[in-house]
Amino acid sequence: MMIPAADPATAAQVERFLGATAQLPGSFSAKPVLVIDIGGGSTEFTVGCPGHEPGRAGCQPVSSQSLRLGSCLLCEKFDLFSFPTSGAIKNARDYIITQLDSLRLPKFSRIIGVAGTITTLKSLDLKLELYRKIAIQNTRLDLKTITTLYHRLAKLSPTQRLKLKGMPAGRED
């Protein structure tokens, strides 16, 4: 099922997906991929399979879902600012798992993360003094690194996080 490009709610998802997959090498773009965009109020999950839109390279999106799993929404809902309690973290984790269990996506071979939350994690991983798009684009962020960053950040206040190399101002909470 194609996402109708004329629908304003999905046109942005189509554009984001095509932008995220446009530079994939030929062998990589021949397989379905999942593009994840973690926003402030929701997270978008879009899966695409081989195909081309006239005048555009990349995969064609075939399925997209939005879940109320935005970074700001979760922080507010579960009081995850500053030093979150283990109970707040458990409640947030349980909520996230329940939401993710509701996803009904086609199979995919790889995950591509886009936007601020994911690029911030990569910036922290690389300990960038200044954000450089070229240093982050088309790089890998594995689960072990994400887990390490999660445990490190959870122990710090927003003020302490802001002092970390790679933490852009405004992303510390």
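Strand E1 (residues 33–38) is mostly covered, with five of its six residues buried; buried here means under 20% relative accessible area, exposed means over 50%, and partly exposed lies in between (1.4 Å probe, protein chains only). Helices (H or I, at least four residues) and strands (E, at least two) are DSSP runs, numbered from the N terminus. The model is a predicted one, in which local features need pLDDT of at least 70 and side-chain atom pairs count only at pLDDT 80 or more, while totals for chains, interfaces and linings use all residues. Residues are numbered from 1 along each chain as its sequence is written, and side-chain values use heavy atoms, with hydrogens and water left out.

Strands of a sheet pair through backbone hydrogen bonds, either parallel or antiparallel. In this analysis, two strands pair if DSSP finds at least two bridges between them. On one side, E1 runs antiparallel to strand E2 (residues 43–49), and six bridges join the two. Within this pair, Leu34 stands opposite Val47 in E2. E1 and E2 form a hairpin, with four residues between them. E1 also pairs with strand E4 (residues 110–114), this time in the parallel sense and over five bridges. Here Val33 stands opposite Arg110 in E4, and Val35 stands opposite Ile112 in E4.

Taken as a whole, the sheet is open and has four strands in the order E3-E2-E1-E4, with mixed pairing. Strand E3 (60–67) and E4 stand at the edges with a single partner strand each, so one side of each has no neighbour in the sheet. On average, neighbouring strands of this sheet are turned by 20 degrees against each other, direction ignored.

Attention can now turn to the helices. The axes of H3 (71–78) and H4 (residues 86–101) come within 10 Å and cross at roughly 130 degrees. H3 is therefore oblique to H4, given that angles under 35 degrees count as roughly parallel, over 145 as roughly antiparallel, 65 to 115 as roughly perpendicular and the rest as oblique. For these values, axes are lines fitted to C-alpha atoms, for helices over the stretch in contact, and angles run from 0 to 180 degrees between N-to-C directions. The crossing of H3 and H4 is right-handed; a crossing has this hand if the near helix is turned clockwise from the far one by less than a right angle, and is left-handed if anticlockwise. Leu74, Lys77 and Phe78 in H3 meet Ala88, Asn91, Ala92, Tyr95 and Ile96 in H4, where contact means heavy atoms within 4.5 Å.

The loop between H3 and H4 holds Asp79, which has a positive phi of about 50 degrees although it is not a glycine. Asp79 counts as exposed because its relative accessibility is 55%. Lys127, in the loop between H5 and H6, is likewise a residue other than glycine with a positive phi, near 55 degrees. With 47% relative accessibility, Lys127 counts as partly exposed.

Charged side chains complete the picture. Side chains of opposite charge can pair when their charged atoms come close. The structure holds three salt bridges, each defined as a side-chain nitrogen of Lys or Arg within 4 Å of a carboxyl oxygen of Asp or Glu. In one of them, the side chains of Lys90 and Asp94 meet at 2.6 Å, N to O. Both residues lie in H4, four residues apart, about one turn of the helix. Lys90 is partly exposed because its relative accessibility is 45%, and Asp94, at 34%, also counts as partly exposed.

Another salt bridge joins the side chains of Asp125 and Lys122 (3.0 Å, N to O). These two residues are three apart in helix H5 (residues 116–126), so about one helical turn separates them. Lys122 is buried, with a relative accessible area of 9%, whereas Asp125, at 29% relative accessibility, is partly exposed.

Glu129 forms a salt bridge with Lys165, and their closest N and O atoms are 3.3 Å apart. This pair links distant parts of the chain, 36 residues apart: Glu129 is in the loop between H5 and helix H6 (133–136), and Lys165 is in the segment after helix H8 (158–162). Glu129 counts as exposed at 60% relative accessibility, while Lys165 is partly exposed at 49%.
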